[in-house]
Amino acid sequence: MNERIRVEKSILSENDKLASAARRQFLDRSVVVLNLVSSPGAGKTSLLEKTLQALRTEIRIGLIAGDVQTENDAERLLKAGGESVWPLVTGGACHLDARMVNTVLDGVDLGKLDLLFIENVGNLVCPSSFDLGELMKVVLISTAEGDDKPLKYPAMFRRSGLMVVNKTDLLGMSDFSMQRVIDNARSINPDLEVIATSCRTGAGLEVWFAWLKRLLSPVEL
Ligand code: MG
C-alpha cells in the first residue's frame, strides 16, 4: 500500500473510533445531531439563525460553529438568541474532525440539549470523509451555484440525508434549475430528501421546521 494512502486510512479509522464514541454519547442522551455541510456562502449560518429565532423557545438547541478563521458565525448565532453556541476555529483545516468536536463536547452538558447542529467548514469535499458522530449530514446548496454540483461532488450528496436548496428568492436570476438540481442529486442518492427555502423571504422555512420536529419526535412503534 502506498504510504500516503496508509496514513490517510489510519487518520480516518482514528476519526471513526472517536465519532462512534460521540454517537453513543448522543444516543444515550437522546440528542439529535445534524452535521451541516455546503460550499461557502450557501446560507448555513442564515438557516441556523432563522431556526433559532423560530424554535429556541420550544427546542433546546446547541450549535457548534466551525470555521477556518474568525468567530463571526458564532457571534451571529448568539445574536440570534442562541444560548449554547460554541465556536470551533480550525486554524486552516478545510473540515471539522471528530477530535476537534470532542474538544468542544468536553465542556457541553448534553443532557441540556435536544438538538445539536454542527456547522461544518464551507467546503463540499473534505467534510464528506469525516464522520462527527452525527445522526445525519444535511447538505445545503444555493441557487447562486451551479445545479450540477451534486454530480461534481457526489460523495457529499451520497452521504447526506437531506438537501436544502436555499436562496429560492433568486430563482430566475441565473440558469439554475430546481428540477435539474433535484434530478442530479437523486441520480447520486435516490433517497435524498429535498426542502427548498429562502432565508431572506422565509419561504419554505416552515417545511424545514416541521422536518426538524419530526426528527425530534419519538419514534412511534
Ligand atoms: Mg457560516
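Predicted model: local features only at pLDDT ≥ 70, side-chain atom pairs only at ≥ 80, totals over all residues.
Colleague: Let's start with helices. How do α2 and α3 cross, and at what angle?

Modeller: The axis of α2, residues 44-55, comes within 9 Å of the axis of α3, residues 72-79, and the two cross at roughly 20 degrees. Angles under 35 degrees count as roughly parallel, so α2 and α3 are roughly parallel to each other.

Colleague: And is that crossing left-handed or right-handed?

Modeller: Right-handed, as α2 passes α3.

Colleague: Which residues make the contact?

Modeller: From α2 you have Thr45, Ser46, Leu48, Glu49 and Leu52, and from α3 there are Asp73, Arg76 and Leu77. Sorted by class, the contact of α2 with α3 has 3 nonpolar, 2 polar and 3 charged residues.

Colleague: OK, what about α1 and α4? At what angle do they cross?

Modeller: Roughly 40 degrees, with the axes of α1 and α4 coming within 9 Å. Here α1 passes α4 in a left-handed crossing.

Colleague: Who's in that contact?

Modeller: On the α1 side it's Asn15, Leu18, Ala19, Ala22, Gln25 and Phe26, and on the α4 side Ala98, Arg99, Asn102 and Leu105. By class, the contact of α1 with α4 comes out at 6 nonpolar, 3 polar and 1 charged residues.

Colleague: Switching to electrostatics. How many salt bridges does a search of the whole structure find?

Modeller: It finds 10 salt bridges. One of them pairs the side chains of arginine 29 and aspartate 109, at 3.9 Å from N to O.

Colleague: Where do arginine 29 and aspartate 109 lie?

Modeller: Both are in loops: arginine 29 between α1 (3-28) and β1 (32-37), aspartate 109 between α4 (98-105) and β4 (115-119). The pair therefore ties together parts that are 80 residues apart in sequence.

Colleague: How accessible are arginine 29 and aspartate 109?

Modeller: Arginine 29 is partly exposed, with a relative accessible area of 46%. Aspartate 109 is partly exposed too, with a relative accessible area of 41%.

Colleague: Which residues are linked with Arg29 and Asp109 in a network of salt bridges?

Modeller: Lys112 is: Arg29, Asp109 and Lys112 are linked in that network.

Colleague: Is aspartate 147 buried or exposed? And how does arginine 180 count?

Modeller: Aspartate 147 is buried, with a relative accessible area of 11%, since buried means under 20%. Arginine 180 counts as partly exposed, at 42% relative accessibility.

Colleague: What about aspartate 169, which residue does it form a salt bridge with?

Modeller: With arginine 200, and the closest N and O atoms are 3.0 Å apart. Aspartate 169 lies in the loop between β6 (160-166) and α7, while arginine 200 lies in the loop between β7 (193-196) and α8 (205-216), so the pair ties together parts that are 31 residues apart in sequence.

Colleague: And their accessibility: what is it for aspartate 169 and for arginine 200?

Modeller: Aspartate 169 is partly exposed, at a relative accessible area of 27%. Arginine 200 is exposed, at a relative accessible area of 70%.

Colleague: Backbone next. What's up with the phi of serine 30?

Modeller: Serine 30 has a positive phi of about 55 degrees, although it is not a glycine. You'll find serine 30 in the loop between α1 and β1, and at 58% relative accessibility serine 30 counts as exposed.

Colleague: And what about the phi of lysine 167?

Modeller: Lysine 167 has a positive phi of about 65 degrees, and it is not a glycine either. Its place is in the loop between β6 and α7, and lysine 167 counts as partly exposed, at 25% relative accessibility.

Colleague: Last one: what is isoleucine 188 in contact with?

Modeller: Leaving aside neighbours within four places in sequence, isoleucine 188 is in contact with Pro150, Leu151, Pro154, Phe157 and Arg158. Isoleucine 188 itself is in helix α7. Its C-alpha atom is separated by 5.9 Å from that of arginine 158, 30 residues apart along the chain.

Notes
Residues numbered from 1 in each chain as written. Heavy atoms only, no water. Axes fitted to C-alpha atoms, helices over the stretch in contact; angles between N-to-C directions. Helix = DSSP H or I, 4+ residues; strand = E, 2+ residues; numbered from the N terminus. Parallel < 35°, antiparallel > 145°, perpendicular 65-115°, else oblique. Left-handed = near helix turned anticlockwise from the far one by under 90°. Contact = heavy atoms within 4.5 Å. Nonpolar A, V, L, I, M, F, W, Y, C, P; charged D, E, K, R; others polar. Salt bridge = Lys/Arg side-chain N within 4 Å of Asp/Glu carboxyl O. Buried < 20%, exposed > 50% of the residue type's maximum accessible area, 1.4 Å probe, protein only.
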